Amino acid sequence: MSAPADTLTQALRALAAHRLRTALSVLGITIGIAAVMAVVTIGKGGNYLVFSELETFGLNSAWVYRDRNDTPPGEPQREGSGIDAADVTAIQARAARLGIRRLTPLVYPDRNMSIAQGNRRVDADLSGVGAAHVDIVNDELVAGRGFHAVDITARHAVALLAPDVAADLLDPQQPGVGQDIRIDGRRFRVIGLLAPKSRDFLSSIGSAGGQSANDRLLVPWTTLASMGGEPDGVDSLQLEVVDFGSAQRVTDRVRSLLKRRHPQGLEYGGETMASYIATTDRILGGVAIIGTVAASISLLVGGMGIMNMMGTAVLERTREIGVRKAIGATERDIMAQFLVEAALISVAGGLLGLLIGTAASVVLAAVTGFPLVPSPVAILAALAVSVLVGLLSGWLPARRAARMHPVEALRAD
């Protein structure tokens, strides 16, 4: 039986004797592994990008609102948002029992309201929110403060500005916090400036709710409601649930509570971030599977290349196999040599593929700013797959070589 070192030496010599053929086989595995690495890495980066943008809405969020289809056909639409300040107080009092950590009412203008400072005017997403809104949606403040409870109860005319609104509206020669702006002719004091947030990818696919994260202007919901036709009306509630997995149950409980409090036949709808995340997981998972299958075809082609090369090598070295068997080499020795040759090709191709795939990922990460560097687990898995492909591809030719009869092999030209 040949020593492992001798088997490895013989395999290296055999591969070196046919450099071009070996290089082509290595290239096939390299392309396959690099393709698989690219799909896995881009998929990981895509997941990070989508979920980091979903986080700007609050990953544990759920929304409850009046279902406007609750009026029977042919009858006039019943007025009112279906949620009022008393409902907010009732839900807050039952928050722990309902499974709610925090909640914020959401109010939107019932008409187009001008937003200005002197001659500067902006067209921004104006919303009325509660004191917990900043924490629920993971906003950060670069200056000033958020809303306090007193701002809500006393209907203070104060505002928080997102970066684009602040840049277009405020006087750059003065600190942003403390400046006054006018909303529908009413003066508001800027008490805080929000940090930039990205929803660019969600906006590009039409999934950001029509709202730019950096083009927002927030005021107390009570203040904005008082400027409209329903002073205590709330358009919707945003809930932060205690347990991510119970978001739908919490939403259903709040809807039931609102229906009991408004027995005139109003209906309520609900949405959860959990359902959006589940849909996103299914989409991204399907794309990843399709991409992996497509990339694996390249790896399969590389494996077929190794099989063809090893099959040709067996034919060309038939006489050598006969001589080795005649001087005492066993079937195990012959099979081991050809399997080692196949493994060396696949390992070399796998390492090159990993190198190319990793380098490409680093370059893309630097250009795009996305976290596209492959994980150690993905690297080890890709290397293991390349070795497995090599061994499986070389097994049939190696088995054929090992089973040759020495006399017939020696007769070969």
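Which backbone oxygen lies 3.0 Å from a polar atom of the side chain of Gln117? The tour below leads to that atom pair in this predicted model.

Begin by selecting residues 180–183, which form strand 8. Display the side chains and inspect the two faces in turn. Ile181 and Ile183 belong to the covered face, whereas Asp180 and Arg182 lie on the uncovered one. In a regular strand, side chains alternate between the two faces of the sheet.

Now turn to residues 115–117, which make up strand 3. Strand 3 also pairs with strand 8 in the antiparallel sense, here over two bridges. Ala116 stands opposite Arg182 of strand 8.

Finally, select Gln117, which is found in strand 3. Gln117 has a relative accessible area of 14% and is therefore buried, the cut-off being under 20%. Leaving aside residues up to four places away in sequence, Gln117 touches Leu169, Leu170, Asp171, Gln179, Asp180 and Ile181. Asp180 supplies the reply to the opening question: its backbone oxygen is 3.0 Å from a polar atom of the Gln117 side chain.

Key: Residues are numbered from 1 along each chain as its sequence is written. This is a predicted model: local features need pLDDT of at least 70, side-chain atom pairs count only at pLDDT 80 or more; totals for chains, interfaces and linings use all residues. Side-chain values use heavy atoms; hydrogens and water are left out. Buried means under 20% relative accessible area, exposed over 50%, partly exposed in between (1.4 Å probe, protein chains only). Helices (H or I, at least four residues) and strands (E, at least two) are DSSP runs, numbered from the N terminus. Two strands pair if DSSP finds at least two bridges between them. A polar contact is a pair of N or O atoms within 3.5 Å; within protein, one must be able to donate a hydrogen and the other to accept it, and residues adjacent in sequence count only if both atoms are side-chain atoms. Contact means heavy atoms within 4.5 Å.
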